[in-house]
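Subject: Structure handover

Hello,

Here is the structure I promised to pass on. My notes follow below it.

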Amino acid sequence: MIGEIVYEKPPIFQLRELNAGWMNKLTDGVKSFINSHNFYPSVFYNENDINHPINGIRHAVPDLDSYSGVFVHQDAPDTPIAGFDGIEFRSSITKTIRCITKAKQLLWTVQDLTHLKPLNPSDYHEKPSVQFCGTVVKRADGSVFTQQAQRFNALQALKESGLEHEINLKIQRFDSGKFILESGTHLSDEQYWKQMEDHPYGLSVRGWGNWDYRMYEMLASGRIPVHINTDDELLFENWIDWDEFIVVVNNPAKMKAEVEEFHSQFSDNNSLRHHQKQLVKLYHEFLSFPAFCKWFGEYYEDDFRKWGLE
């Protein structure tokens, strides 16, 4: 309903409870890797949670600077931890400053998607179609939040691209600590998945953090992400040739050409459906939570050697 308060941010995050929930989900192999590198497992969402005088990470862990690394899940990709010179794991990161922050990306999706049944395979059509379902948040004055601007711009580019598309966009306004629905309609889970099923491609572009959960939903359910490159880093990209599996768009203005070029490899139902099956296989073998835990240590040991952070 327009004007409805859809979400109200709690004033203080419970750091210790978040820590416990995060660690309980990790397998012994990942915990062993963390312990072997003397990482402190922590969870926080922005710079206020680091230095908050009551619940900040420095309050919970006064000797934070003595640790050689920190295991972090947060939305802000570039916020440094003042005075900390260890290796950080984050949910998202801006690639060009990776060496400066010494941050390693950790794109583990909190909700595992292995339970998802792949959507019905797509029928081949000569003209590809792209869908998007999601939210953009504006400030009280009507301007789009900086973190949301690239999503807003990518959606505008999709609308103007000439590609066949379906967009379900909710606009929320953040005002006085509340997210208020300004326009758009909330889809039920059934409607959400039906929209995804109706199109072989789906737009994937960052939101608050420099990553997008939709990409993993699409892979797990057999749909091809049209991923807008926002100087982000994709999980396991040292091992996975992402250009082989998804559409990577470096310039949203060229989205139509990029999607059509990728789509040209398909000529019938069989070729398109084979690729969709490969996406599901990729998700289960590398990107599901069990697979993530399986490959975690080996992958990041390789990554540390690559960046000289052993």
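The lining of the second largest pocket has four nonpolar, two polar and five charged residues. Keep in mind that this is a predicted model. The volume of this second largest pocket is about 180 Å³. Its charged lining residues include Lys95, Asp232, Glu237, Asp241 and Asp243. His227 and Asn229 also line the pocket. So do Leu234, Ile240, Trp242 and Val248.

Next, a loop residue. Thr230 sits in the loop between strand 10 (224-228) and helix 9 (242-245). Is Thr230 buried or exposed? Its relative accessibility is 9%, so Thr230 counts as buried; the cut-off for buried is under 20%. The side chain of Thr230 makes a polar contact of 2.5 Å with the side chain of Asn210. Leaving out residues up to four places away in sequence, Thr230 touches Gln150, Val205, Arg206 and Asn210.

Then helix 11, which spans residues 269-287.

First, the packing. Helix 8 (residues 213-221) packs against helix 11 at an angle of about 115°. Their axes are 6 Å apart. Helix 8 contributes Tyr216, Leu219, Ala220 and Ser221 to the contact. From helix 11 come Leu279, Val280, Tyr283 and Leu287. By class, the residues of this contact are seven nonpolar, one polar and no charged.

Second, His275. This residue is in helix 11 too. With 7% relative accessibility, His275 counts as buried. What does the side chain of His275 reach at 2.9 Å? The backbone oxygen of Phe245. Setting aside neighbours within four places in sequence, the contacts of His275 are Ile224, Glu244, Phe245, Phe262, Gln265 and Phe266.

Third, Ser271. It also lies in helix 11. A polar atom of the Ser271 side chain is 3.0 Å from the backbone nitrogen of Ser267.

If you open the model, I would look at the pocket lined by Lys95, His227 and Trp242, among others. After that, go to the contact of helix 8 with helix 11.

Best wishes

Terms used
Residues are numbered from 1 along each chain as its sequence is written. This is a predicted model: local features need pLDDT of at least 70, side-chain atom pairs count only at pLDDT 80 or more; totals for chains, interfaces and linings use all residues. Side-chain values use heavy atoms; hydrogens and water are left out. Helices (H or I, at least four residues) and strands (E, at least two) are DSSP runs, numbered from the N terminus. Buried means under 20% relative accessible area, exposed over 50%, partly exposed in between (1.4 Å probe, protein chains only). A polar contact is a pair of N or O atoms within 3.5 Å; within protein, one must be able to donate a hydrogen and the other to accept it, and residues adjacent in sequence count only if both atoms are side-chain atoms. Contact means heavy atoms within 4.5 Å. On a 1 Å grid over the protein atoms alone, a cavity is a set of points where a 1.4 Å probe fits but cannot get out, and a pocket is an open set with protein on both sides within 12 Å along at least five of seven lines; lining residues have an atom within 4 Å of a point. Grid points are joined across faces, edges and corners, and a volume is the space filled by probe spheres set on the points. Axes are lines fitted to C-alpha atoms, for helices over the stretch in contact, and angles run from 0 to 180 degrees between N-to-C directions.
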